[in-house]
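Here are my notes on the pockets and aromatic rings, as promised. Keep the model open while you go through the points.

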Amino acid sequence: MNVLLNINNFSEPFAYSVLKDIIKKNMRVLIIPFSYHEDWIKNAKDFDQHYQRGKDEYEDIAKEFVNYGIPKRHIKVLHYYKYSNKKCKSMIYNADILFLIGGYPDKLLYRIDQKNIRKSIQNFRGIVMGTSAGAMVQFDHYHVTPEEEGQEYEYHDGLGLLSGFDIEVHYEETFNHLAGVLIDLKLHNVPIFALPNTGGMIIDRDDYCLLGDAFEIGEKDIDFLQEKINKIVEK
């Protein structure tokens, strides 16, 4: 099962109403915080300042699972600097939920490969959850929507856990998001699920469920998207 989200708000009503039947209080959670920029975290000490129990980033994630009844002793962090590749694989094997955090998708995948745990994640039989970049990389390919002027649309290989559709994370009806979705539709011709911050998606084999404000965009919407883009440009 895969759960695609934007931010750490999945115990709010839009998601809790569905996830309460999926996330159980006896489950073991493994947070994989590998998507950070090296300007933020350079070593084990820096890593601990962010993801040790009691620190802000850890607590921001842990509080969501605690709201489902999971005790903090069951919420572990995969330590990039302190744990061997063998220990990382063992921790993945013994988890029920893998939680891939948001940030930089390319750096997340790079560190996954540095720890040689790509296969372990691909073969995982529990729940793979991800926010933003951690949701994007679950696909066979993922796109990056330009956030600033001068940036270009990008398309990269992901983990290959999901295929046949795409997502637009942090969706807002802005020029960049509309243009990114339009480019993706024209280039790859697969359905795209827009995920505003109060939206998400659950995929269980061939079935899926949309959470909150999430909605589908398809080829039939290309002209409508172009009209919206034109109106924004004309303002």
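1. Start with the second largest pocket: α6 (118-122) and β10 (199-204) each give at least two residues to its lining. Keep in mind that you're looking at a predicted model. The lining is made up of M1, N2, I121, Q122, F124, R125, G126, V128, L161, I203, D204 and R205. Sorted by kind, that's six nonpolar, three polar and three charged residues. The space inside comes to about 240 Å³.

2. Now for the largest pocket, which holds about 660 Å³ of space. It's lined by 25 residues, and the ones closest to its centre are G103, P105, V144, T145 and E147. Several elements give two or more residues to this lining: the helices α5 (105-114), α7 (133-136) and α8 (175-188), along with the strands β6 (141-144), β7 (154-157) and β8 (166-169).

3. On to the rings. A pair of aromatic rings is described by how far apart the centres are and by the angle of the planes. This structure holds 15 aromatic pairs. Take Y80 and Y81: their ring centres are 5.2 Å apart and the planes sit at 90 degrees, so we call the pair edge-to-face. Is Y80 buried or exposed? Its relative accessibility is 14%, and the cut-off for buried is under 20%, so Y80 counts as buried. Y81, at 31%, is partly exposed.

4. Have a look at Y171 and F215 too, another edge-to-face pair, with 5.5 Å from centre to centre and 85 degrees between the planes. This pair links distant parts of the chain: Y171 is in the loop between β8 and α8, F215 is in strand β12 (residues 215-217), and they're 44 residues apart. Y171 counts as buried at 9% relative accessibility, whereas F215 is partly exposed with a relative accessible area of 34%.

5. Which residue has its charged end over the ring of Y36? That's R111, with its charged end 3.7 Å from the ring centre. Y80 has a charged neighbour as well: K115 lies over the face of its ring, 5.4 Å from the centre.

Terms used: Residues numbered from 1 in each chain as written. Predicted model: local features only at pLDDT ≥ 70, side-chain atom pairs only at ≥ 80, totals over all residues. Heavy atoms only, no water. 1 Å grid on protein atoms, 1.4 Å probe; cavity = no way out; pocket = protein on both sides within 12 Å on 5 of 7 lines; lining within 4 Å. Points joined across faces, edges and corners; volume = space filled by probe spheres on them. Helix = DSSP H or I, 4+ residues; strand = E, 2+ residues; numbered from the N terminus. Nonpolar A, V, L, I, M, F, W, Y, C, P; charged D, E, K, R; others polar. Phe/Tyr/Trp six-rings, centres within 6.5 Å; stacked < 30°, edge-to-face > 60°. Buried < 20%, exposed > 50% of the residue type's maximum accessible area, 1.4 Å probe, protein only. Lys NZ or Arg CZ within 6 Å of the ring centre and 35° of its normal.
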